[in-house]
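Here's a quick briefing on the structure below.

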Protein chains: 2
Amino acid sequence: MRPLILITNDDGVAAKGVLALEAIAQEFGDVVVMAPEVNNSGQSHSITPSRPLRVRTVKESDELSVYACDGTPVDCVKLAVEYFCPRRPALVLAGINHGSNSSINVLYSGTMGAVVEATVCGFEAIGFSLLNHSVNADFSSCEPFVRTIIADVMENGLPDNVSLNVNIPNLPVGQIKGIRVCHEAKTYWRDSFEKRIDPIGRPYWWLTGKFVCDELQEGSDEWALQNGFVSVVPTHPDFTNYQAIKQLRSRYE
Amino acid sequence: MRPLILITNDDGVAAKGVLALEAIAQEFGDVVVMAPEVNNSGQSHSITPSRPLRVRTVKESDELSVYACDGTPVDCVKLAVEYFCPRRPALVLAGINHGSNSSINVLYSGTMGAVVEATVCGFEAIGFSLLNHSVNADFSSCEPFVRTIIADVMENGLPDNVSLNVNIPNLPVGQIKGIRVCHEAKTYWRDSFEKRIDPIGRPYWWLTGKFVCDELQEGSDEWALQNGFVSVVPTHPDFTNYQAIKQLRSRYE
């Protein structure tokens, strides 16, 4: 029996990026896709405790089943593993995301939320993102890197409790210089909201923002991407700052 | 001029826990509250790119202004800092949450999403949670610990890029043994969804789950809480697993 690969994303089940990932994943095993019905960009690690979820079957076969769910990407992972995968997935993939999930964007990303959730649930998982937000983005330059990394992880596994956050520069494949394993650059978004006035005179605020990168030295994901490399960040579901524990013990214990 | 303290939560602007935190925070400075109109539990670090946000003024004065927003806790922090705080906050607080945000729950928590966002934006920030989900929870046992930790952080600051995730056991104050500075225990939720059939025969799935803790040795937050201590986890907005970088370099570069 071929290995089973579970796929989700945050751009929605019909996005061009997830179709590209489905095609590559089928070279490695049978595929189940459970992805949000609609765009869930920015949904991070959110879950849906307050209402029930529905699932629409798009197609079903031994080789490729596709389901659309009205929950978040994290809901999709949990629900698919428990009710829609015919056997335990050998690998969980998310993406290919339309737009970057590098550096601080990993916090907001529904795609990476799903990857981190898969890790929490004990699966090996990889998130793929292309640095192009367009719904019509061309994912062909991603293919050799997606293929290489999936093949490596299926053969060699990943360190315990670690998933991969893979970002791919928006360049023709011949101009991509290779892969760099990186840490998350220290970045943030400023000028977050634009204030506007609606047609009947009341204010509203719409999320926007400028990306600020304070760290462009070699070793960070933003450096790699700006220099034409695919960035791979080993990512784990632990926010603890271990260095600070000792310092704070002297203050509180 | 007194320091300004910004408060948010994920249980909503009218929750008992945020009212308790407002009362304590006013001992230390002027307070701006910007909290979600409705419950945002489980909203993690999510943001709202797809629609505009509205804000309702609940009350406004130099000492205490309260605003309700129809976005997420992370939206609340970004919007309040940019448009509703009369000056730069000296401190950002979130909570007091109705229910635990210890260990893996930090990933799903809207309260801790807001705290981590405040850190990303360069503010010192603390999230407080009581291990009692009830809307009528009694927050009086939290008060001395909330007061101690706010006073300490306002006097001594926090390590760079670090916020605090504070969880308080649901015990009478006399039975709480003190504070422990901890790392996140390795935990997860299993049996995530319950499948049911609606009145017209169609299936739906509702989020549930059992909390599983594989790690109860001293030093973890779950150990501290189960042994009657307040847990304080120094938390940073970086998912990078630094140990794995070297190992993966030999495979990909």
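**Strand pairing to start with**

In S6(B), Gly127(B) is the bridge partner of Ala94(B). That contact belongs to the pairing of S5(B) with strand S6 (residues 125–130) of chain B, which is parallel and runs over 5 bridges. Strands and helices here are DSSP runs numbered from the N terminus, with at least two residues (E) for a strand and at least four (H or I) for a helix; two strands pair if DSSP finds at least two bridges between them.

Before going further: this is a predicted model, where local features need pLDDT of at least 70, side-chain atom pairs count only at pLDDT 80 or more, and totals for chains, interfaces and linings use all residues. Residues are numbered from 1 along each chain as its sequence is written, and chains are lettered from A and ligands numbered from 1 in the order in which they are written.

**The sheet in chain B**

- Chain B has an open sheet of 9 strands with mixed pairing, in the order S3-S4-S2-S1-S5-S6-S7-S13-S8.
- Strand S3 (55–59) and strand S8 (178–181) of chain B are the edges; each has a single partner strand, so one side of each is left without a neighbour in the sheet.
- On average, neighbouring strands of this sheet are turned by 20° against each other, direction ignored. Axes are lines fitted to C-alpha atoms (for helices, over the stretch in contact), and angles between N-to-C directions run from 0 to 180 degrees.
- Strand S5 (residues 91–98) of chain B is mostly covered, with 8 of its 8 residues buried. Buried means 20 or more other C-beta atoms within 10 Å of the residue's own, exposed means 12 or fewer, and partly exposed is in between, with C-beta atoms placed from the backbone.
- S5(B) also pairs with strand S1 (residues 4–8) of chain B, in the parallel sense over 4 bridges, and there Leu93(B) is the bridge partner of Ile7(B).
- Strand S2 (residues 30–36) and strand S4 (residues 64–69) of chain B run parallel and are joined by 6 bridges; Pro36(B) has Cys69(B) as its bridge partner in S4(B).

**Helices on the chain B sheet**

- Helix H2 (residues 73–84) of chain B lies across S1, S2, S4 and S5 of chain B, at about 140° to S2(B).
- Helix H4 (residues 110–120) of chain B packs on the sheet too, touching S1, S5, S6, strand S7 (163–168) and strand S13 (229–235) of chain B, and its direction makes about 170° with that of S6(B). Contact means that the C-beta atoms of two residues, placed from the backbone, lie within 7 Å.

- Helix H2 (residues 73–84) and helix H4 (residues 110–120) of chain A pack at an angle of about 35°, with their axes 7 Å apart.
- H2(A) passes H4(A) in a right-handed crossing. Right-handed means the near helix is turned clockwise from the far one by less than a right angle, and left-handed means anticlockwise.
- On the H2(A) side, the contact uses Pro73(A), Val74(A), Cys76(A), Val77(A) and Lys78(A); residues from H4(A) include Gly110(A), Ala114(A) and Glu117(A).
- By class, this contact of H2(A) with H4(A) has 6 nonpolar, 3 polar and 2 charged residues. Nonpolar covers Ala, Val, Leu, Ile, Met, Phe, Trp, Tyr, Cys and Pro, charged covers Asp, Glu, Lys and Arg, and the others, Gly among them, are polar.
- H4(A) has 11 of its 11 residues buried, so it is largely enclosed by the rest of the structure.
- Just after H4(A), Gly122(A) takes a positive phi of about 90°.
- Strand S6 (residues 125–130) and strand S7 (residues 163–168) of chain A pair in the parallel sense over 5 bridges, and in S7(A) the bridge partner of Ser129(A) is Asn167(A).

**A loop glycine in chain B**

- Gly209(B) is in the loop between strand S11 (203–207) and strand S12 (210–213) of chain B.
- Gly209(B) is partly exposed, with 16 other C-beta atoms within 10 Å.
- Not counting residues up to four places away in sequence, Gly209(B) touches Trp189(B), Arg190(B), Asp191(B) and Ser192(B).

**How the two chains meet**

- Chain B superposes on chain A by a rotation of 180° with 0.0 Å of shift along its axis (RMSD 0.0 Å). That is the relation of a two-fold axis. The superposition is by least squares on the C-alpha atoms of residues with pLDDT of at least 70 in both copies.
- The contact takes 63 residues from chain B and 63 residues from chain A.
- Helix H7 (residues 242–252) of chain B gives the most to the side of chain B that touches chain A, with 8 residues.
- That side of chain B has 33 nonpolar, 19 polar and 11 charged residues.
- The copies meet through the same surface, because 100% of the interface residues of chain B are also interface residues in chain A.
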